[in-house]
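This report looks at helix packing and salt bridges. The structure is shown first.

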Amino acid sequence: VLPRTSPFFASELRAATTDVSNVDQVDARIEAPTAADPEFDWHKQWYPIVPVEFLDPEKPQSFKLLNIDLVVWNDGHVAADGEGAGPGAFGSKKDRAKGATRTEGQYRVFEDSCPHRRAPLSEGRVEDDGTLMCSYHAWRWNGGGDLCAVPQAQSDGEFDRIRANPKSNCNSFPVKVVNGVLWVWPQAGSDARIEAELASVNVMPLPHEEDATVDESRVFAGNWNFRELPYGHDYFLENVVDPAHVPSSHHNVVGNRYTDTNPLFVTTSAPVTREGFEISVRQGSNDESVVPSTTKFTAPSLVQIKAPVGEAIQILELYSSPSRPGFCNHVGRQVIVKGASGETPTMLKAFMTPMPKWLNHVLAGLFLNQDALFLHAQERMLHEKDEYSTNIGEDEEPYHYSKAVLPMTADKGVINFRSWLRNKAGGRIPYRGNPLMPPTSHEVVFDIYNSHTKHCKNCLAALKNLRKARFASYVAAAVVAALRPARLGAVGSTVLAGLLGGMGLGLNKLIRMMYRLEYSHAEND
């Protein structure tokens, strides 16, 4: 990749991207930061990481935020007597009292680096006494990040000297659990804790919390989904504030590329500020008597899409946080407000169908992978060609997105977001260490296991059970085919063996979807 200062880019490429005669119709006129309205600070924000219900409190797990390696763990102890009394002793889990369970505890987030020799703490263990142990040398820390055990210390004096060194303390980040989601403040230390406590967590209030006239019984909040998506935080946000892509990108799932791609009338209903913006959208015609859908971006992580469906309302509550260049942590769910009479339109009933949470996660991959290839390749191509990137140094001039693409009026949400990023947030996402953008890889896009399954206790448990069921189906099919029970007869035995074998193949396909999910628009007719 040629550097941005290359004469080639300075003369040829930049000149080729300055014909933006239609940008004035789309670009928001946004004031630059001032002393009274300072630039958005990426490091002084709360970021969503994962819904805690899907974390296994028995083990630490690794995540990234702004290219900072994090270890997430729960400091609950195992009751010594198996009935909730007394903290469990440090020792093998084989020695637990019968029926012992781990107390609820608090979720903690440390930097994923052992102060001793920098081994990843996410490869460690959560012990029964509620401490986090580094598996390299068995040093242990409590929930506050304080060192509490060094087994190799020759004396109490040596241990006290090690513990007194500030370097022995794990970087413990401020944490909150709001509406079941773990939020992290990406700075450690006493000052950061004060700042974090004073700052609000920008979550979407549920409709009955926001509007007293909406009865709680009318509100359906769907299951949370989460995944590290293979494109950057800014590309996730660009995508979800773009209503025009939905019927084409999500053909046969949400809309139809042949019948639902109609003219869009997009207006900015709340201007771009440091806190975000809102757009209103009408499809087909700009009839002001028709209630529009709205898309609201609240910096740095929330996009709320609200659409009327008859007397009901469909809301997408979507969050993202910048995990590393080319990737983001996505958390989201669907919220439905039934009509005043309590009725739900037919098209929304499918979203309210009860299903296991693990199956909801599997099916979510079908939707997310529909535009993942676009966004994954788009981001990397624009970066490699030096046309647009937010993965730049602090002293580099931010790019102008409108000069790299061909915007139209339907792209107003996208251009509002990119203008917010350039004019209010520095035009860059300040990843630790200014790492390089990773290359394009379809295998990374299709990888479900590393981006979701291995972090989700529900999906891991389902995966284990599905494997058992698959094995049982194959064994049963083989037994029936070999023994041909007289009761079933030759034809009945063949049919049953076929059904059992087919069940095993179906389970095998479901299992594969929890590891890898390939998608092709050319094959989705």
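## Basis

Buried means under 20% relative accessible area, exposed means over 50%, and partly exposed lies in between. The model is predicted.

## Salt bridges

The structure holds 22 salt bridges. One of them joins Asp160 and Arg163, with the closest N and O atoms 3.3 Å apart. These two residues sit 3 residues apart in helix 2 (residues 156-164), so about one helical turn separates them. Asp160 has a relative accessible area of 38%, so Asp160 is partly exposed. Arg163, at 43%, is partly exposed.

Asp75 pairs with Arg108 at 3.0 Å between the closest N and O atoms. This pair links distant parts of the chain, 33 residues apart: Asp75 lies in the loop between strand 3 (68-74) and strand 4 (107-111), and Arg108 lies in strand 4. Asp75 is buried at 16% relative accessibility. Arg108 is partly exposed at 22%. Elsewhere, salt bridges link Glu58, Lys93, Arg96, Arg102 and Asp128 in a network.

## Helix 11 and its partners

The axes of helix 11 and helix 12 (residues 489-513) come within 8 Å and cross at roughly 160 degrees. The two helices are therefore roughly antiparallel. Helix 11 passes helix 12 in a left-handed crossing. Contact residues include Leu463 and Leu466 of helix 11, and Leu496 and Leu500 of helix 12. The contact divides into 16 nonpolar, 5 polar and 2 charged residues.

Helix 8 (residues 357-384) and helix 11 (residues 457-483) have axes that come within 8 Å and cross at roughly 95 degrees. That makes helix 8 roughly perpendicular to helix 11. Lys357, Trp358 and His361 of helix 8 meet Asn458, Cys459, Ala462 and Leu466 of helix 11. These residues divide into 4 nonpolar, 2 polar and 1 charged.

Notes. Residues are numbered from 1 along each chain as its sequence is written. This is a predicted model: local features need pLDDT of at least 70, side-chain atom pairs count only at pLDDT 80 or more; totals for chains, interfaces and linings use all residues. Side-chain values use heavy atoms; hydrogens and water are left out. Axes are lines fitted to C-alpha atoms, for helices over the stretch in contact, and angles run from 0 to 180 degrees between N-to-C directions. Helices (H or I, at least four residues) and strands (E, at least two) are DSSP runs, numbered from the N terminus. Angles under 35 degrees count as roughly parallel, over 145 as roughly antiparallel, 65 to 115 as roughly perpendicular and the rest as oblique. Contact means heavy atoms within 4.5 Å. Ala, Val, Leu, Ile, Met, Phe, Trp, Tyr, Cys and Pro count as nonpolar, Asp, Glu, Lys and Arg as charged, and the others, Gly among them, as polar. A crossing is left-handed if the near helix is turned anticlockwise from the far one by less than a right angle, and right-handed if clockwise. A salt bridge is a side-chain nitrogen of Lys or Arg within 4 Å of a carboxyl oxygen of Asp or Glu. Buried means under 20% relative accessible area, exposed over 50%, partly exposed in between (1.4 Å probe, protein chains only).
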